[in-house]
Amino acid sequence: MHGKSKKIIMDWKHLPFGYHKTHYNLRCLYKNGTWGPLEATESEEITLHMAATTLHYGQEIFEGLKAFMGQDNKIRLFRWQENARRMQHSARGILMPEIPEELFFEAVSRAVLLNREFVPPYGTGAALYIRPLMIGIGAEVGVKPSEEYLFLVFVTPVGPYFKGGFKSVNMMICREFDRAAPLGTGTFKTGGNYAGGMRAVTKAHEMGYANAIFLDAKEKKYIDECGPANFFAIKGNTYVTPKSTSILGSITNMSLIQIAQDLGMQAERRPIAIEELSTFDETGACGTAAVISPIHKIFDPETEKTYVFGNGEPGPVSEKLYKTLTGIQLGDEPDVHGWTTVLE
Ligand SMILES: Cc1ncc(COP(=O)(O)O)c(C=O)c1O
């Protein structure tokens, strides 16, 4: 099937980070122990059995990655293999079938190419966000894994995370709520973790902060995650990021660690105690949506202490890491690690 040729009119410069209808999405059913054919559809709706396991017992996993238009008019996917692997890890975590890497790539690449008019032009700061998801669709009433699943990939153009350019944000440590337990589902990208974090994130927003920083649920001593992003800090010539059994393995973080090392820095993955915040030169949240959200201030409501980093402008190391990573994604910087895949 070929993409529609109908011309679309988009205000690329003012796109929000939200859902925008595109031409097609891709779907594949798992039944009788195997994956069926991958099909493109124009429908934005799914018909579900009311007893589907996704509705009652949260059998749902998803991914998020982006496709970028380069100056050379080539569309690049960033490290899709890592998203495929992480989705397999999530599937194993809540007893869903794994999606083979080839099926994941076929669905993602077809979803992008069938909607190529929606890939924002180079220079707008916008990108095509890709959302693969899998849900348990079999009817069950007892708590057990479904025997049938739907794998779906839709895309939506999204605007730059920072409308006015790369900017610092303030965050609040959350002590009232946990996102995930040490031996729970935190390393899986499953909807329940986001539902579990909503009170914290909403409270942080209400108090005027960009997001909530979760602590380790057991001791409440160490930094876990920053809303839907990993935490990192710069201390001298070292990039530090939390080691924890309850955080999602961020592909952006993994890439920043490599870039920091390429720039001659040390990189450490280890527990980060809250008090260590006062020793950091720069801190930030990292993830697909923003790449890096540099953090200016972190407020701890328990001690009423505010940790301040820099003067409110992104720090030089964060800026360098941000420029290098976004440069690779767009095809402006050499892709020495083979992280991008050109879609044709
Ligand atoms: C909870 C959580 N942590 C971290 C991340 C960042 O991961 P990535 O860099 O792969 O987007 C995300 C976003 O996907 C997330 O939802």
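Buried means under 20% relative accessible area, exposed over 50% and partly exposed in between, for a 1.4 Å probe and protein chains only. This is a predicted model, in which local features need pLDDT of at least 70 and side-chain atom pairs count only at pLDDT 80 or more, while totals for chains, interfaces and linings use all residues. Residues are numbered from 1 along each chain as its sequence is written, and side-chain values use heavy atoms, with hydrogens and water left out. Helices (H or I, at least four residues) and strands (E, at least two) are DSSP runs numbered from the N terminus.

- Strand β5 (residues 65-69) pairs with β6 in the antiparallel sense over three bridges; two strands pair if DSSP finds at least two bridges between them.
- A hairpin is formed by β5 and β6, with five residues between them, and N73 in its turn has a positive phi of about 65°.
- An antiparallel pairing over four bridges also joins β6 to strand β18 (residues 340-343).
- I75 stands opposite M69 and also opposite L343 in β18.

**Residue T190**

- T190 lies in the loop between β9 (169-174) and α4 (191-206).
- T190 counts as buried because its relative accessibility is 4%.
- A polar atom of the T190 side chain lies 2.6 Å from the backbone oxygen of E60.
- Neighbours within four places in sequence aside, T190 is in contact (heavy atoms within 4.5 Å) with G58, E60, I61, F62, I94 and T185.

**Nonpolar cores**

- A nonpolar core is a set of buried Ala, Val, Leu, Ile, Met, Phe, Trp, Tyr and Cys residues joined through side-chain atoms within 4.5 Å.
- The largest core has 42 residues, of which F231, Y239, L277, F280, I292, I298 and L321 touch the most other members.
- Strand β12 (residues 229-235) gives the most to this core, with five residues.
- A second, separate core of 41 residues includes W12, L38, M87 and M134.

Conventions: A polar contact is a pair of N or O atoms within 3.5 Å; within protein, one must be able to donate a hydrogen and the other to accept it, and residues adjacent in sequence count only if both atoms are side-chain atoms.
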